[in-house]
Amino acid sequence: MTHAWLFTGPPGSGRSLAARAFAAALLCERGGCGECPSCHQVAAGTHADVLLVRPDGLSYGVKQTRDLVLKAAAAPVYGRWRIVLFEDADRCTEQAANALLKAIEEPSPRTVWLLCAPYADDLPTTIRSRCRLVTLVTPRTAAVTEVLEREGVPPDRARAAALAAQGHIGRARRLATDEEAARRRAEVLRVPGRVSGLGEALRAAAALVKAAKAESDATTDELDAPEREALRRAFGEGSSGKGVATALRGGAGALRELEERQKSRATRLTRDSLDRALLDLAGYYRDVLAVQLGASVELANEARDVELRQLAAASGPADTVRRIEAIMRCRQRLEANAAPLLAVEELTLALAG
Ligand SMILES: [Zn+2]
């Protein structure tokens, strides 16, 4: 039995679902029947022998990793395996990765590590070389369409969403079923037709950043309040008696730590939302390029055929390539912590030029 596995695949390819199914198979007495209590618990994320790790901030720190390594080393509750399913393992800081490496180098006999990351290269070679690699591919448009149709989405809508999401099932489902998400995407795709002068470019940048912030705020509010509430309760707020004052002092520290984590998560959610918008834009210009070159490929925005043709006729392939490169550069700058508005302004100016 290999003690460390690395599931890779682009976002939406279902790498953590695959890892979870594998965990269920390892723990199930019938090899992963999908019906027994054990399989149900793994699917629901409540199995006592599966530690689910999902970094929700910008990075996963060394302290968290050390705690995890300790927990992972404990004996399994039900006697088979102790499984750590580590989503987005690429978000480990360097020190965290070192702590993780030690655990993988000298694994406890009953512990199995399932790491998930977009690409194998996202992890340090030292870790990668000790893992057995499971590579998932991006599903084709037809496959994503079929899944959505089975879930009751009308065929036309399913196909449009599948094309727009470029193989990302979760995103396709969102676009097909959530009016607000579809509206936001449409708003983003108005940018190419609109940015012609300096003023328009700057306004478009401000609107893109504002929309990303609004999207992440909506999620953040939903997540933050219950967490703060749970923490307060855990530290006995509202009760009285001996020891409560001490507990509350400890609670203040924990609350600060929670707020730090929430802030980091909010930053990441905004960044993710902005990145989705940038990928939508890149897909749009890729369509423009395909039209300019007369390439017979699936267009992500085939419903916007007329617009695409207009834009394709108004510029040359070299302009389009330059614009796509500007988008990719902007994504890199955001990933490297550039101020979002500045980076996006630079982008929309490049799109206008
Ligand atoms: Zn089972």
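Donors are N, O and S atoms within 2.8 Å of the metal (3.2 Å for Na, K and Ca); water is not among the atoms, so sites may look incomplete. In this predicted model, local features need pLDDT of at least 70, side-chain atom pairs count only at pLDDT 80 or more, and totals for chains, interfaces and linings use all residues. Residues are numbered from 1 along each chain as its sequence is written, and side-chain values use heavy atoms, without hydrogens and water.

**The zinc site**

Along the chain, the donors of the zinc ion follow the spacing C-x4-C-x2-C-x2-C. They are the SG atoms of Cys 28, Cys 33, Cys 36 and Cys 39, at 2.3 to 2.4 Å. The angles among the four donor atoms are 102 to 117 degrees, and the site is tetrahedral. Ideal angles for four tetrahedral donors are 109.5 degrees.

Buried means under 20% relative accessible area, exposed over 50%, and partly exposed in between (1.4 Å probe, protein chains only).

| Residue | Relative accessible area | Class |
|---|---|---|
| Cys 33 | 24% | partly exposed |
| Cys 36 | 13% | buried |
| Thr 145 | 8% | buried |

Thr 145 is found in helix H6 (residues 141–150). Helices are DSSP runs (H or I, at least four residues), numbered from the N terminus. Leaving aside neighbours within four places in sequence, Thr 145 is in contact with Pro 155, Ala 158, Arg 159 and Ala 162. Contact means heavy atoms within 4.5 Å.

Terms used:
Tetrahedral: all angles 85-135°; square planar, octahedral: opposite > 155°, others 65-115°. Helix = DSSP H or I, 4+ residues; strand = E, 2+ residues; numbered from the N terminus.
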